[in-house]
Amino acid sequence: MAVVNVTTSPGLRVTDHRVDVPVDWARPDGETLQVFAREVVDPAKANEDLPLLLFLQGGPGGKGPRPQRDGWLPVALRTHRVVLLDQRGTGRSSRVDGADISRFADPADAAAYLRCFRADSIVADAEHLRTTVYGGRRWETLGQSYGGFITLTYLSQAPQGLAACYVTGGLASLEPSAAEVYRRTYPRVAARVRRFYDRYPADADLVAAVADHVAASDVRLPDGDRLTVHRLQALGGDLGMAPGVDELHWLFDEAWADERRADRLSETFCRQVAERTAFADNPLFVVMQESIYGHGADGPATGWAAAAERERHSEFAETARPLTFTGEMMFPWMFAEIRALRPFEAAAHALATTPGWSDLYDLERLAANDVPVAAVVYHDDLYVDAGLSLRTAEHVGNCEAWVTNEYEHDGLRRDPAVLERLLDRIRDRGGPLTG
């Protein structure tokens with residue numbers, strides 16, 4: 001353990017920490033990697049004995065947020081010392097990218113390595129950080145999206161480290177099944193795309209014209225990747241966020257270099273498409289997306305579940321018009337066509353087709369849970385099915401769910417009142433555990 005750096009700016013005092021951990025926690029004497037975390041506190045309270053709040057970022061493959069004096073963080077800093085974790089393989093925590101995965105000659109070995117970047121390993125990393133840097137004191141957690149999945153694993157594997165848990169849009173099904181997740185997701189995505197075209201009716205013809213042009217032409221993005229219709233459809237990944245519908249509209253607003261001819265896509269459009277679909281900053285988001293639903297030694301392979309389910313929905317065909325965008329779904333073609341993902345292709349296929357997983361959830365322990373949990377379930381969440389979330393809330397002890405349609409999946413980031421309400425709910429129930 002080492003303190004790397006301490007910086008102070010108005011309203012924020014930031015301390016950087018690094019810890020060495022094993023790649024595979026089952027082999028503590030094997031290869032290691034480094035995990036990075038930022039501790040943030042109000043400078044005026046830096047010497048106070050404040051409770052700890054660990055933020056568990058969404059993803060998978062998401063690094064912790066860089067501290068800004070807006071959003072939910074100022075709310076948390078009123079009462080807590082906040083720890084922002086870069087999950088293993090992301091940010092400044094021994095990043096996994098194409099160069100790293102290319103060292104494996106055998107795809108099976110690469111897939112086995114990637115299996116060490118799931119929620120159970122992230123929990124073990126967090127526990128190591130808690131015991132070595134923070135003296136073993138209990139901390140509270142705030143889990144956004146996939147961070148809620150990690151929370152359930154934490155409650156299953158190391159509840160002794162937790163004082164309270166807050167979850168925003170991330171109560172995962174306790175019976176993980178990628179096939180079931182995408183069976184429920186495709187109809188919601190199709191409905192969200194219809195809402196997009198209802199709001200911007202002229203975009204149906206505009207998007208169709210762009211798709212027809214892409215299908216008939218060799219359109220190259222700035223990094224040399226060819227733009228295909230299915231990559232164009234992947235632009236729907238953010239439709240579940242509050243600004244997603246409007247941002248997609250304004251992207252296509254500048255699609256043509258010359259609207260009078262509509263025979264060449266603008267450089268502005270191509271650059272933005274590349275940025276939104278390249279995944280250069282977070283390749284693990286794509287690589288690990290379906291693996292988060294693998295559970296148990298007898299658990300089946302995830303089997304490219306999003307691709308398999310897509311075949312059952314003709315409205316998502318590349319030739320369908322109006323064009324239907326896909327949501328947060330990952331497909332085999334991505335690893336052949338997207339530059340940052342190509343080195344992962346063989347490993348991703350091995351990961352998707354090999355059965356048997358580590359355990360993520362302990363149903364008996366979760367049912368007997370005494371750590372207070374407050375979760376917001378977004379009724380219209382595009383990514384995490386509200387029905388499955390409510391079923392989970394019923395089976396986790398001491399868990400209270402607040403259901404709302406006021407927010408999209410990014411409610412925590414958009415409105416500080418979301419965290420305020422969750423903190424109040426735990427406080428009204430007697431507060432976090434102590435000792």
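These legends describe close-up views of a predicted model. Local features are reported at pLDDT of at least 70 and side-chain atom pairs at pLDDT 80 or more, while totals for chains, interfaces and linings use all residues. Residues are numbered from 1 along each chain as its sequence is written, and side-chain values use heavy atoms, with hydrogens and water left out.

**View 1**
Strand E7 covers residues 162-168; helices (H or I, at least four residues) and strands (E, at least two) are DSSP runs, numbered from the N terminus. Because 7 of its 7 residues are buried, E7 is largely enclosed by the rest of the structure. Here buried means under 20% relative accessible area, exposed means over 50%, and partly exposed lies in between (1.4 Å probe, protein chains only). On one pairing, E7 runs parallel to strand E6 (residues 139-144), joined by 6 bridges; two strands pair if DSSP finds at least two bridges between them. Val-167 of E7 stands opposite Gly-143, and Thr-168 of E7 is the bridge partner of Gln-144. E7 also runs parallel to strand E8 (residues 373-378), with 4 bridges between them. In that pairing Tyr-166 has Ala-374 of E8 as its bridge partner.

**View 2**
Strand E6 is mostly covered, with 6 of its 6 residues buried. In a regular strand the side chains alternate between the two faces of the sheet. In E6, Trp-139, Thr-141 and Gly-143 point one way, and Glu-140, Leu-142 and Gln-144 the other way. Strand E4 (residues 52-56) pairs with E6 in the parallel sense over 4 bridges, and Leu-54 stands opposite Thr-141 of E6. E6, helix H5 (residues 146-157) and E7 together make a right-handed β-α-β unit. A crossover is right-handed if, with the strands pointing away from the viewer, the path from the first strand over the helix to the second runs clockwise.

**View 1. Trp-139 and the nonpolar cores.**
The largest nonpolar core has 119 residues, and Trp-139, Phe-252, Leu-265, Phe-325 and Met-334 are those with the most contacts inside it. Helix H6 (residues 178-199) gives the most to this core, with 9 residues. A nonpolar core is a set of buried Ala, Val, Leu, Ile, Met, Phe, Trp, Tyr and Cys residues joined through side-chain atoms within 4.5 Å. A second, separate core of 26 residues includes Phe-55, Tyr-407, Leu-422 and Ile-426. Leaving aside neighbours within four places in sequence, the contacts of Trp-139 include Leu-52, Leu-54, Val-83, Tyr-154 and Leu-162; contact means heavy atoms within 4.5 Å.

**View 2. Asp-385 and two arginines.**
Asp-385 is in the loop between E8 and helix H16 (386-395). At 14% relative accessibility, this residue counts as buried. Its side chain is joined to that of Arg-184 by a polar contact of 2.8 Å, and a polar contact of 2.8 Å also joins the side chains of Asp-385 and Arg-188. A polar contact is a pair of N or O atoms within 3.5 Å; within protein, one must be able to donate a hydrogen and the other to accept it, and residues adjacent in sequence count only if both atoms are side-chain atoms. Not counting residues up to four places away in sequence, Asp-385 touches Arg-184 and Arg-188.

**View 3. Asp-198 in helix H6.**
Asp-198 is placed in helix H6. At 63% relative accessibility, Asp-198 counts as exposed. Asp-198 and Glu-420 are 222 residues apart in sequence and 34 Å apart in space, C-alpha to C-alpha.

The peptide bond from Gly-59 to Pro-60 is cis, with omega near 5°, and Pro-60 is in the loop between E4 and helix H1 (73-77). The bond from Arg-321 to Pro-322 is also cis, with omega near 0°; Pro-322 is in the loop between helix H12 (305-310) and helix H13 (333-337). Ala-262, although not a glycine, has a positive phi of about 50°. Ala-262 lies between helix H9 (244-253) and helix H10 (267-277) and counts as partly exposed at 30% relative accessibility. Asn-398 has a positive phi near 60°, is found in the loop between H16 and strand E9 (399-404), and counts as partly exposed at 37% relative accessibility.
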